[in-house]
Amino acid sequence: MKQSLFWLGVGLAFVVLMLVMVPGSGRPSDFSLFLGRFHPLVVHLPIGILVVAVLLEALSRMPSLRGRYDTGILALLYIGVWSSILAVAAGLYLAQGGGYAAGQLAWHKRMGVLVVLFASLAYLYKVWPGLSERWLRHWERRVYGIALGVMLLAVTLTGHFGGVLTHGPDYLSRYLPDGLRQMAGLPKKADIGRLQLENPAETTVYAALIAPILQSRCTACHGPDAQRGGLRLDTPDFITEGGDDGPPIVAGEAHESALIHRIWLPVSSDKKMPPLESPQLSIAEAELLRWWIDAGASFEELLPEVEWSPVTQTIVDHMGLGEIRTGIFALDTVPPDSMDIVQLAGLGLAVTPLAENEPYLQVRCVHPETCTDAGGLQEALRPLARNIAWLDLGRSGAGDDLVEGIADLPHVTRLHLQQTLVTDAGLADLGDLEFLEYLNLYGTAVTDSGLIHLETLPALRSIYLWQTGVTDEGVRRLQTAIPDLYINTGLSLTPVEPDTTGS
Amino acid sequence: MNLAKEARDAYLGHVTRRHFLKSAGAGLGALAFASLGAGSAGLPDAHSPRGPHFAPRARRVIFLHMAGGPSPLELFDYKPELARLHGQDCPESLLEGKRFAFIRGIPKMLGPQAAFQQHGESGAWISNHMPHLGQVADKIAFLKAMHTDEFNHAPAQLLVHSGSPRLGRPSMGSWVTYGLGTENENLPAFVVLLSGGAAPDAGASVYGSGFLPTVYQGVQCRTKGDPVLFLGDPDGVPRSLRRRSIDAINAINRQQHEEVGDPEILTRIAQYEMAFRMQTSVPDAMEIRREPAYIHEMYGTEPGETAFSNNCLLARRLVERGVRFVQLFHWGWDSHGAGESEALNGGFLERCQETDRPVAALLNDLEQRGLLEETLVIWGGEFGRTPMLENRSGSDNPFVGRDHHSDVYTMWMAGGGIKGGITHGETDEIGYSAVSGRVHVHDLQATILHVLGFDHERLTYPFQGRDFRLTDVHGQVVREVLA
């Protein structure tokens, strides 16, 4: 008894000693890290042994087998207790190396210690069946069973969290059938790795693509729970601020950014990030980070504004980000009725869908003489008002009375009115077209005073004003109101030196 | 009811206009086309446009084909190192495993036969042979590492326009009109304009409809004489009589179609109707004399003649009127140097002078009318030319030229959906091989269809048991040039 207590003391002292960091460096000793690598080996002993003990105990409940396995159960519990202690010790060494998600690690540790405690309790009761009688009276018969039950539960949970730490959180559910996945509140199998964004048009590149990478690969050690090297990578402010070695990224210059250097270091380097034993970035993730930094490392840029590189385009296509709906395509517009289309086409207009599976139409006036009956045309346009995106009345007989009706087509993005009878009065009605991007007024009688009505168009990107009454002053005013606007007032070739090589 | 009648009724159920409209819920394009062909109701599926897969960036295409293979080394691909090597023997390592149309033995290197200058904010290198084009350099995306599989004119031209070097496939213009339909029922959706004194080597197949219904075939228009041959009414036949005879012919044709169901009969009906409408619409569209003087000045046109400049102006007039695809061919870029007309210091310079001003004018004119951002303009030949002197006869020859070269050549795109002022692809120091950004003819085709709103892998037509497409089993969209 004395001797075993002595060895127990030596063992505990060793375990504690090994957990002390090497003085001065703040890092665990290589030897304890080495011992830590035995955790995966040792850890499966108590799992198997303790479960077998429980199974044998369950078999013993059968009257014919009562008491037949007691010696074996006792031996199994004894080995189970000691091997679980060894597993916990090795686990603590392993955890010193870092790189594990803090929350899951804490639960893994707690559950591991519970296994040791309840396995010990079960063992003690098995050795001294009368142990609890002194304190527990009515409970004596149940304590052993409860201890075994809690132990089994703890073994299961410890194993689960261990698996999550090693293989990642979706390891178990990866091949769960879709029906069960849905019951568990998980996304469909086909959607794994695909972005689920509520409003992609309003989401930043950082939030959609960059933060999740940092979250899954970096913030376990560089986040709220731990700040290795004084660095946090969980918020834009912390990323900009940097750690002990300065800011990890240089906007616009991936090849100058420590974050990229560390990712690409060979695994033999102890500066390699994430460390060898932690889950590594995929090549796609590394490329997204590099591309994002090279593109200016913006925390504000929205997904629709992004200019993808061919490689990143391919990556995000596979993530289901291929198409970000903006403008009219983000709206929930009811598809047009085919009879309304036939009616409009009957007036001599070419009506075609803008794209398959879209509710929008392009409408073009084919004959110059057809668009003169403003009343009839407006009547035919009305049921399709929300469906018309491109309206080309160029070179037609359209006049101000017809343009009045265009004001009621809220989703028009491109509008051709060139070489028509439209005047300033007609433009007065167009100021509310919030999606209008393109307006062609060349060869009309519009003047500066008509342009004033267009200053409120938020989406307007190009306007054509050649051969109109618009002056430089009017152009200047419109440009000031909408700085991004491309205004064309006509071009011509200026004389150049002729090529004289041949002569 | 006997069996034959029942079968006939069932078949008619499929082709009547009512049934057609009822089943067209998803295919709005079908409806729209039915409305377009108002005179010829009930066109079946093959005649209705597919409609774009996604919102297009361009609605129309003008393809300026410089037939013969213009030399990039005298136009856009500036190679000072080649000037230094001028007159030296070509190293054998460059010739190993290569086949040329004419070069045999060891040729001499030929330095650039042009002076180069950078133009615009983009600093694009353009030779002094194209002074006007320099002014619009910032609208252009150069593809400097194009490559093709063929080094002879006819197959290479077929590859560019039909995606296959062999006969029988529909041309790009046919695919595009099959996909998008027409915007103007009074004009052909696909118009072809020839200049330069010779038709394309591969003949009308480069604008043929292949196995697509022939309604999608390119219609050749002329600037001299009748715009379209055999369109005018014979003497003594008034338009009213013409109308009545067409009605009678079409009634018979429709009856024939009901009996045998051949879609080509519908094409024939549509062509008669189209021809009748074209009798008034085409002369109007083709009459360039009505353009104001400053436009003629801008393009450098020669009214009444067959000229590339006239065709450029026509191209603008046609897209303005809703023609989908205007295909220009200008022959005479085959600068071998075997004679004056095909020498870099002869005919080549004339071709440059003939095309420089009108092409620049076309881009500017489209832009000021607000059409450039909706019209894709493509310039290029069927292949490039070697950095080596060809010298076929081996004798002293005052004319210099280069042989066909399929490994690398320059094309450019501008307008709808294209980023201006950029260069994609790079060649080595002598312009012999691509260093980066290689673009195959199929990639160019995929990009053109993409800009028009099509996934090139999904714009297909079933023929002989499988779905065919313009890019066959190849093609990747060149995203670098997209706006």
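Gln118(B) stands opposite Trp125(B) in strand 3 of chain B. Strand 2, residues 116–119, and strand 3, residues 124–127, both of chain B, pair in the antiparallel sense over four bridges. Pairing here takes at least two DSSP bridges between two strands. Strands are DSSP runs of E with at least two residues, helices are runs of H or I with at least four, and numbering starts at the N terminus. Four residues sit between the two strands of the hairpin, and Gly120(B) takes a positive phi near 70°.

Ground rules, quickly. This is a predicted model, where local features need pLDDT of at least 70, side-chain atom pairs count only at pLDDT 80 or more, and totals for chains, interfaces and linings use all residues. Side-chain values use heavy atoms, with hydrogens and water left out, residues are numbered from 1 along each chain as its sequence is written, and chains are lettered from A and ligands numbered from 1 in the order in which they are written.

Staying in chain B, take strand 4, residues 140–147. Is it covered or open? Mostly covered: eight of its eight residues are buried. Buried means under 20% relative accessible area, exposed means over 50%, and partly exposed is in between, with a 1.4 Å probe and protein chains only.

Which strands does strand 4 of chain B pair with? One partner is strand 11 of chain B, residues 409–415, which runs antiparallel to strand 4 and is joined to it by five bridges. There, Ile140(B) faces Ala414(B). Another is strand 12 of chain B, residues 422–424, parallel, over three bridges. In that pairing, Ala141(B) has Ile422(B) as its bridge partner. Then strand 15 of chain B, residues 439–440, also pairs in the parallel sense, over two bridges. His147(B) stands opposite His440(B) there.

Now the rings. A pair of aromatic rings is described by the distance of the centres and the angle of the planes. Rings of Phe, Tyr and Trp (its six-membered ring) pair if their centres lie within 6.5 Å; planes under 30 degrees apart count as stacked, over 60 as edge-to-face, the rest as tilted. How many aromatic pairs does that rule give over all chains? The count comes to 32.

Take Phe76(B) and Trp379(B). Why is this pair edge-to-face? The ring centres are 5.3 Å apart and the planes stand at 90°, so the pair is edge-to-face. It links distant parts of the chain, 303 residues apart. Phe76(B) is in the loop between strand 1 (60–67) and helix 4 (80–84) of chain B, and Trp379(B) is in strand 8 (375–380) of chain B. Both residues are buried.

Next, Phe211(B) and Phe463(B). This pair is stacked, at 4.5 Å centre to centre and 20° between the planes. Again, distant parts of the chain are linked, here 252 residues apart. Phe211(B) lies in the loop between strand 5 (190–195) and strand 6 (219–221) of chain B, while Phe463(B) is in strand 16 (460–463) of chain B. Phe211(B) counts as buried, because its relative accessibility is 11%. Phe463(B), at 30%, is partly exposed.

Both belong to one aromatic cluster, together with Trp175(B), Tyr178(B), Tyr216(B), Tyr461(B) and Phe468(B). Phe468(B) also has Arg466(B) over its face, at 3.9 Å from the ring centre. The rule for a charge over a ring: NZ of Lys or CZ of Arg within 6 Å of the ring centre and within 35 degrees of the ring normal. Chain A has an example too: Arg414(A) over the face of Trp390(A), at 5.7 Å from the ring centre.

On to helix 19 of chain A, residues 472–481. Which of its residues are buried? Gly474(A), Val475(A) and Leu478(A). They cover an arc of only 100° around the axis, so they sit on the same side of helix 19 of chain A. That arc is taken from the directions from the helix axis to the C-beta atoms. On the other side of the helix, Asp472(A), Arg476(A) and Thr480(A) are exposed. What do the buried residues of helix 19 of chain A pack against? Helix 18 (448–451), strand 6 (462–464) and strand 7 (486–488) of chain A. Contact means heavy atoms within 4.5 Å.

Last, domains, with bounds from an automatic or database domain assignment. Chain B gets domain 1 (1–36) and domain 2 (39–481). Their C-alpha centres are 37 Å apart. Chain A gets domain 1 (9–167), domain 2 (193–324) and domain 3 (330–488). In chain A, 76 Å separate the C-alpha centres of domain 1 and domain 3.
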